[in-house]
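Please look over the sequence and the 3D structure below before reading the briefing.

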Amino acid sequence: MSILQETYTLSNGVKLPKIGFGTWQIKEGEEAYNSVMTALKNGYRHIDSAEGYRNETSVGRAVRDSGIPREEIFVTSKLESHIKTYEGAKQAFEETMANFGFEYLDLFLIHAPWPWSEMGKECDEGNREAWRAMEEFYKAGRIKAIGVSNFEPKHLDNIIGNCEIVPHVNQIGYFIGLDQSKTIEHCKKHDIFVEAYSPLGIGYLLDNEDIQKVAKKYDKSAAQICIRYLLQKGTAPLPKSTHEHRIIENADVDFDITAEDMAFLDTIKGDPRRWE
Ligand code: A2P
């Protein structure tokens, strides 16, 4: 069985394909449509989008045009980070569904604990309000699983301690070198599944010489080592690419990194990402 057909099981029993196709920074229109179509054609069955990526319309169209039954594709979207009210969340979800042209969504996440423009702001009440709307859609069967993204333990505790449903997923930036141990431990304790966005450090990690050394030893690319590492950590990596050969390469990760080499990769520290 290809790794693209393998799944993790969330705390509510929903199955989530182990590798997802990331679509952050893939432009709405032809680029998003073609990339998602290419990923699906090459066996991906898990597509990660967001309201904030502004590409839901093309992602939805590719999923619907693919000819693959809707229930065989796992699609995620995320509530925009500045929406922190019950009514706002309800309205935004309806817009997301209209953009996609779907009858249900597989996973819907609160994109961040604070608006991107006010990182670090305390929004506990707003997150509870948004969560309440998401719980309602979940109970009505319009979303198969609900979760959060970029949440640290204190943000998770706000939901867990005050709301009915414990998030099924926390999607965080996670790649070789980035220490997410505190959040991951907290998620494990509460049976919250961790998804890893930017598994290649938005591409910058691929220049790391230590990772390249390990890649050479396995006759794999640095990207494949980065993705395999996250799978062996028990998370779901969400690599993004607009190039077919890379989309294929990123899912060709059916090999084992030894415990010794995993420990070596664990010694790598730092966040190489740049946004200029
Ligand atoms: P592109 O879309 O031009 O292929 P991340 O998934 O961590 O966000 O990283 C995405 C970045 O890494 C994108 O710039 C993407 O470029 C690049 N990328 C994705 N897969 C590969 C690969 N297998 N080899 C080299 N670069 C890659």
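Predicted model: local features only at pLDDT ≥ 70, side-chain atom pairs only at ≥ 80, totals over all residues.

Residues are numbered from 1 along each chain as its sequence is written, and side-chain values use heavy atoms, with hydrogens and water left out.

**Around the ligand**

- The ligand is surrounded by 16 residues (each with a heavy atom within 4 Å of it), and the closest are Leu200, Ile202, Ser241, Arg246 and Asn250.
- Sorted by class, this shell has six nonpolar, seven polar and three charged residues, where Asp, Glu, Lys and Arg count as charged, and Gly is among the polar ones.

**Atoms close to the ligand's oxygens**

- A polar side-chain atom of Arg246 lies 2.7 Å from an oxygen atom of the ligand, and a polar backbone atom of Leu200 is 2.8 Å from an oxygen atom of the ligand.
- Taken alone, the ligand exposes 570 Å², and the protein buries 83% of that (areas by the Shrake-Rupley method with a 1.4 Å probe).

**Salt bridges**

- The structure holds 15 salt bridges, each being a side-chain nitrogen of Lys or Arg within 4 Å of a carboxyl oxygen of Asp or Glu.
- One of them joins Asp48 and Lys78, whose closest N and O atoms are 2.7 Å apart.
- This pair links distant parts of the chain, since Asp48 is in strand β4 (residues 46–48) and Lys78 is in strand β5 (residues 74–79), 30 residues apart (strands are DSSP runs of E, at least two residues, numbered from the N terminus).

Note on methods:
Polar contact = N/O pair within 3.5 Å; in protein donor to acceptor, adjacent residues only side chain to side chain. Helix = DSSP H or I, 4+ residues; strand = E, 2+ residues; numbered from the N terminus.
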